[in-house]
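Try each task before you read its solution.

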Amino acid sequence: MASSSRVKYACDLDKSVLVNNFEKRGWLPVGTDDDWNFYWATIQTVRNIFSVENGYRLCDDQIINHFPNHYELTRKDLMVKNIKRYRKDLEKEGSPLAEKDETGRYIHLDFVPVTFMLPADYNLFVEEFRKNPSSTWIMKPCGKARGIGIFLINRLSQLKKWSRDSKTNTFTAPTSKDTYVISRYIDNPLLIGGKKFDLRLYVLVTSFRPLKCYMYKLGFCRFCTVKYNANLNELDNMFVHLTNVSIQKHGDDYNQIHGGKWSIHNLRVFLEGTRGKDVADKLFDEMHWCIVHSLKAVSGVIANDRHCFEAYGYDIIIDDNLKPWLIEVNASPSLTATTAADRIMKYKLISDVINIVIPPGEVPDVRWNKIPNKDVFGDFDLLYDEELAQSDLLIQDGRFRLGTGIPGSRGRDLRKPQATWK
């Protein structure tokens, strides 16, 4: 490993799972203004590095852990906007992926809850709300994380009260920073032990054009500490509705040992035992499908800088029909360990990320073709590789066009070999 000791790293985050990884490899710590090869940076730092005013140019032997405009996927409003645009574009192309049912719902691309931006879409939201006045909606500030500023509503009056200008029928927000998204609340979540949970899945993207992404096997479920209750009186009880550990850890019933977390493996075993293997396989296939298409939805707008990679934290909720819903994508998934198992998993996650983004035993090199050997994947699986998918298409007998991949298509189910999904 003599050559790897040349790797100089900078790090903005004082997290042991990061620093321990770098030290174990014999890397040299340097200041953020020094010559570095590998930088694990905050999103603010990345913004500064890639800002036009800065004019900073990265060298061939430098890589950093965020794409310049990763927020196209990780800001709640932009994610929804990009997915909506992606579906419309596919519709215009006449793609079978954009097929709708008789109610106008997308059959294959219906994986985000109905969502509106406020204040811009206020009137559209009111129109939708009045179609189903008994529905519950969840409000989230676009630029915040860890459950901050989230609340539930089931009456329009609650929204008017929240709005700064309740004297008029218009909805106003004083600054653009106050943009919110309002989404139909998934009020029929799959419950285990009577409790609501969501999934945190880690997805590594090494390139957007062509898209290359990897799925981490060791994600986890985050459980609420209080049993789920759809009772309208409980709308304010965030221990019932929000799975964020940053909220749940303040609950009386929070368990310090397991932290209210369950491994994805445990979830799969539970589902196979209670619903059968085919049902579990279909659910995981659909989760992977929605992740790939959320990445495809932004692949045209992300600045695909070859110095960058990204380890996203995907949050998915499963409803009681075993349908997965993409809730949000995090650019900086928490690297704070809440339990011993958490610490081991996150240390391994970072180690596996580094093994995939840097040629083994070498310094970073952006001229590298970004195709690592399978033996360095660790607990990652290749989820989708656009280059492989396109070469696979050329071998096929011409019955499928690029962009299809719907189960039930005549012939081969193109969702199946994951690296060659369409």
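**Exercise 1. Where does Lys-370 sit, and is Lys-370 buried or exposed?**

Step 1: find the place. Lys-370 is in the loop between H11 and E16; helices (H or I, at least four residues) and strands (E, at least two) are DSSP runs, numbered from the N terminus.

Step 2: check the accessibility. With a relative accessible area of 17%, Lys-370 is buried. The cut-offs are under 20% relative accessible area for buried, over 50% for exposed, and partly exposed in between (1.4 Å probe, protein chains only).

Step 3: look at the backbone. Lys-370 isn't a glycine, yet has a positive phi of about 60°.

Before going on, a word on the source: this is a predicted model, in which local features need pLDDT of at least 70 and side-chain atom pairs count only at pLDDT 80 or more, while totals for chains, interfaces and linings use all residues. Residues are numbered from 1 along each chain as its sequence is written, and side-chain values use heavy atoms, with hydrogens and water left out.

**Exercise 2. What is the phi of Leu-322, and where is Leu-322 found?**

Step 1: phi of Leu-322 is near 60°, a positive value in a residue other than glycine.

Step 2: Leu-322 belongs to the loop between strand E14 (310-318) and strand E15 (324-330).

Step 3: Leu-322 has a relative accessible area of 8%, so Leu-322 counts as buried.

**Exercise 3. Which residues does Arg-367 link up with in a network of salt bridges?**

Step 1: start with the pair. Arg-367 and Asp-60 meet through their side chains in a salt bridge (3.6 Å, N to O). The criterion is a side-chain nitrogen of Lys or Arg within 4 Å of a carboxyl oxygen of Asp or Glu.

Step 2: Arg-367 is in the loop between helix H11 (340-357) and strand E16 (380-385), and Asp-60 in the loop between helix H2 (43-49) and strand E4 (63-64), so to speak distant parts of the chain, 307 residues apart.

Step 3: compare the surroundings. Arg-367 counts as exposed at 58% relative accessibility, while Asp-60 is partly exposed at 28%.

Step 4: widen the view. Asp-60, Arg-306, Asp-365 and Arg-367 make up the network. The structure holds 26 salt bridges.

**Exercise 4. Are Asp-198 and Arg-222 buried or exposed, and which strands hold them?**

Step 1: Asp-198 and Arg-222 form a salt bridge, their closest N and O atoms being 2.8 Å apart.

Step 2: Asp-198 lies in strand E10 (residues 195-208) and Arg-222 in strand E12 (residues 220-223), so the pair ties together parts 24 residues apart in sequence.

Step 3: Asp-198 is buried, and Arg-222 is too.

**Exercise 5. At what angle do helices H4 and H10 pack?**

Step 1: helix H4 (residues 76-92) and helix H10 (residues 277-299) pack at about 90°, their axes 8 Å apart. Axes are lines fitted to C-alpha atoms, for helices over the stretch in contact, and angles run from 0 to 180 degrees between N-to-C directions.

Step 2: H4 and H10 are therefore roughly perpendicular to each other. Angles under 35 degrees count as roughly parallel, over 145 as roughly antiparallel, 65 to 115 as roughly perpendicular and the rest as oblique.

Step 3: Asn-82, Ile-83, Arg-85 and Tyr-86 in H4 meet His-293, Ser-294, Lys-296, Ala-297 and Val-298 in H10.

Step 4: Ala-297 is buried, with a relative accessible area of 2%.

Methods:
Contact = heavy atoms within 4.5 Å.
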